[in-house]
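Here is a short briefing for a first look at this structure. Keep the sequence and the 3D view open while reading.

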Amino acid sequence: MGKATLLVLCLTTAVGLSDARDRERPPLRPGRAGTRVSLATLPRVELPAVSSAELVRGSTMQALPIASEQEIAGVVVEMLTRKIPAMWEMSVPAGTSVDRLEVVYDLISASGRRQRLSAGAADGEGFAVRIRPLPSIVVSQDEHRAIVRGGALLELDVSLVRRAGRYSGSLQVTVVER
Amino acid sequence: MSLRLRSVKSAGTLATLIFSLFLFSAAPAEAQVTGTVDVQIDFPSMLIFYYYDTLNVSVPSTALASLMTGGVDEFIETTGTITTGFDGVTGFLDANAAISPTALDTDPAAATLALRRSWAVRSVALAGANTTVTVTPGTSQTLTGNNGGTIDIDAVRTRLSTDATGGGSGSVSWTPAGLGNVVFGDLILDLDLSNAGASGTYSNVGGSQLTITASNP
């Protein structure tokens with residue numbers, strides 16, 4: 001029974017780490033933890049709203065005299081990026097190399113389609129998102145544990161967005177220690 | 001005694017099982033953890049309208065002639081007989097071939113000029129809303145010729161360029177196609193050329209001009 005008690009304590013310690021290390025950050029949501037590592041994520045990320053300035057270099061309502069056909073073709077930016085630098089934190093045993101951590105992101109839109117964001121359940125109103133993981137970094141450590149932080153760069157293909165409003169999805173973060 | 005042995009054995013089995021689990025937990029070949037983040041972003045309503053602030057339309061004489069004749073040489077045939085008569089002047093006979101204005105293919109007072117792809121729109125609108133383009137004639141729609149004569153714009157309509165055979169109307173609406181898809185539109189002008197008595201340039205510059213309005217609700 002003494003060993004059983006020890007085991008329970010070890011698990012509790014591993015799961016309870018990470019979100020108290022940086023009190024200035026939004027509260028992290030514990031993920032489903034493994035036995036040697038534990039993960040906590042931001043519960044929700046509101047990406048900076050899309051602005052007309054970044055898409056059309058001007059206001060949302062524009063009337064432009066035509067100088068050439070090329071002008072019509074080239075005025076709009078169709079791919080936007082949003083960086084989420086600190087989306088998750090993970091507690092790992094001290095000395096664990098971040099090179100051993102493989103991070104996989106899987107985005108499911110509100111309409112249920114992968115790698116997309118959508119306006120509610122309407123499948124036709126959505127756009128593709130490419131997710132590029134940012135390098136994981138060790139933000140703190142002691143003799144027993146280290147805290148690793150990671151995030152992602154989201155590339156939003158907004159060229160076919162037809163409807164104004166809120167687009168949403170659920171981003172699943174999976175970290176595998178190899 | 002035997003009962004005590006079973007007790008020891010049971011405890012031993014439990015300890016062995018837990019120890020095995022502990023070993024597996026402490027040194028796994030691969031550990032995996034998962035979390036979920038709700039992501040959202042707001043997208044604004046947008047409208048970009050491209051237009052020509054000046055349109056110079058050149059009408060070649062051949063095109064103008066084709067406008068009147070349908071593009072073929074005109075032979076007005078008759079099976080009747082033209083009767084000549086003495087008109088009272090010595091040496092002259094008089095006959096009336098009687099070509100009627102109704103024999104002409106086109107009434108110059110009702111010529112149609114379609115300006116295809118004369119405007120373009122990129123738009124994003126709220127759910128259920130359409131983008132609309134409306135064309136409004138000016139208070140005076142007379143084009144004045146620099147060598148004399150006038151051309152009147154009797155009516156102005158618009159249509160989507162994909163509706164090339166449509167007659168158009170005062171406004172056209174469509175479901176927004178997104179910023180990456182440009183929607184092109186035409187202007188259709190009903191012209192009265194009957195008073196265009198001189199070749200040259202006819203213009204409304206400095207006068208009343210057409211107004212084209214693009215909107216999202």
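In which strand of chain A does Thr174(A) lie? Thr174(A) belongs to strand β11 of chain A. This is a predicted model.

**Thr174(A) and its surroundings**

- Thr174(A) is buried, because its relative accessible area is 12% and the cut-off for buried is under 20%.
- The side chain of Thr174(A) makes a polar contact of 3.4 Å with the side chain of Thr34(B).
- Neighbours within four places in sequence set aside, Thr174(A) contacts Glu102(A), Val103(A) and Val104(A) in chain A.
- Its contacts in chain B are Gln32(B), Val33(B) and Thr34(B).

**Salt bridges**

- Over all chains, the structure holds 11 salt bridges.
- Side chains of opposite charge can pair when their charged atoms come close.
- One of the salt bridges links Glu177(A) with Arg100(A), and their closest N and O atoms are 3.6 Å apart.
- Glu177(A) sits in strand β11 (residues 165-177) of chain A, while Arg100(A) sits in the loop between β5 (79-93) and β6 (101-109) of chain A, so this pair ties together parts that are 77 residues apart in sequence.
- Glu177(A) is buried at 2% relative accessibility, whereas Arg100(A) is partly exposed at 37%.
- Another salt bridge pairs Arg166(A) with Asp42(B), with 2.8 Å between the closest N and O atoms.
- This pair joins two chains, because Arg166(A) lies in strand β11 of chain A and Asp42(B) in strand β1 (residues 31-43) of chain B.
- Arg166(A) is partly exposed, with a relative accessible area of 42%.
- Asp42(B) is also partly exposed, with a value of 29%.
- In chain B, the side chains of Arg157(B) and Asp190(B) meet in a salt bridge at 2.6 Å, N to O.
- Arg157(B) is in strand β8 (residues 150-160) of chain B and Asp190(B) is in strand β10 (residues 178-192) of chain B, so the pair ties together parts that are 33 residues apart in sequence.
- Arg157(B) and Asp190(B) are both buried.

**A sheet with strands from both chains**

- Seven strands make an open sheet with mixed pairing, in the order β4(A)-β2(B)-β5(B)-β10(B)-β8(B)-β7(B)-β11(B).
- The edges are β4 (61-65) of chain A and β11 (202-203) of chain B; each has a single partner strand, so one side of each is left without a neighbour in the sheet.
- Strand β5 (residues 111-124) of chain B runs antiparallel to β10(B), and nine bridges join the two.
- Ala114(B) has Ile188(B) as its bridge partner in β10(B).

**A nonpolar surface patch**

- Tyr52(B), Leu55(B), Val57(B), Val59(B) and Leu64(B) make a nonpolar surface patch of about 400 Å².
- Leu55(B) is placed in the loop between β2 (46-51) and α2 (61-69) of chain B.
- Leu55(B) is partly exposed, at 40% relative accessibility.

**Pro85(A)**

- Pro85(A) is part of strand β5 of chain A.
- Pro85(A) counts as exposed because its relative accessibility is 56% and the cut-off for exposed is over 50%.
- Residues up to four places away in sequence not counted, Pro85(A) touches Leu134(A), Arg149(A), Gly150(A) and Gly151(A).
- Pro85(A) and Leu117(A) are 32 residues apart along the chain, and their C-alpha atoms are separated by 19 Å.

Methods
Residues are numbered from 1 along each chain as its sequence is written. Chains are lettered from A and ligands numbered from 1 in the order in which they are written. This is a predicted model: local features need pLDDT of at least 70, side-chain atom pairs count only at pLDDT 80 or more; totals for chains, interfaces and linings use all residues. Side-chain values use heavy atoms; hydrogens and water are left out. A salt bridge is a side-chain nitrogen of Lys or Arg within 4 Å of a carboxyl oxygen of Asp or Glu. Helices (H or I, at least four residues) and strands (E, at least two) are DSSP runs, numbered from the N terminus. Buried means under 20% relative accessible area, exposed over 50%, partly exposed in between (1.4 Å probe, protein chains only). A polar contact is a pair of N or O atoms within 3.5 Å; within protein, one must be able to donate a hydrogen and the other to accept it, and residues adjacent in sequence count only if both atoms are side-chain atoms. Contact means heavy atoms within 4.5 Å. Patches are made of residues with over 30% relative accessible area and no salt bridge: like charges are joined within 9 Å, nonpolar side chains (Val, Leu, Ile, Met, Phe, Trp, Tyr) within 5 Å. Accessible areas come from the Shrake-Rupley method with a 1.4 Å probe; for residues, only the protein chains shown count as cover. Two strands pair if DSSP finds at least two bridges between them.
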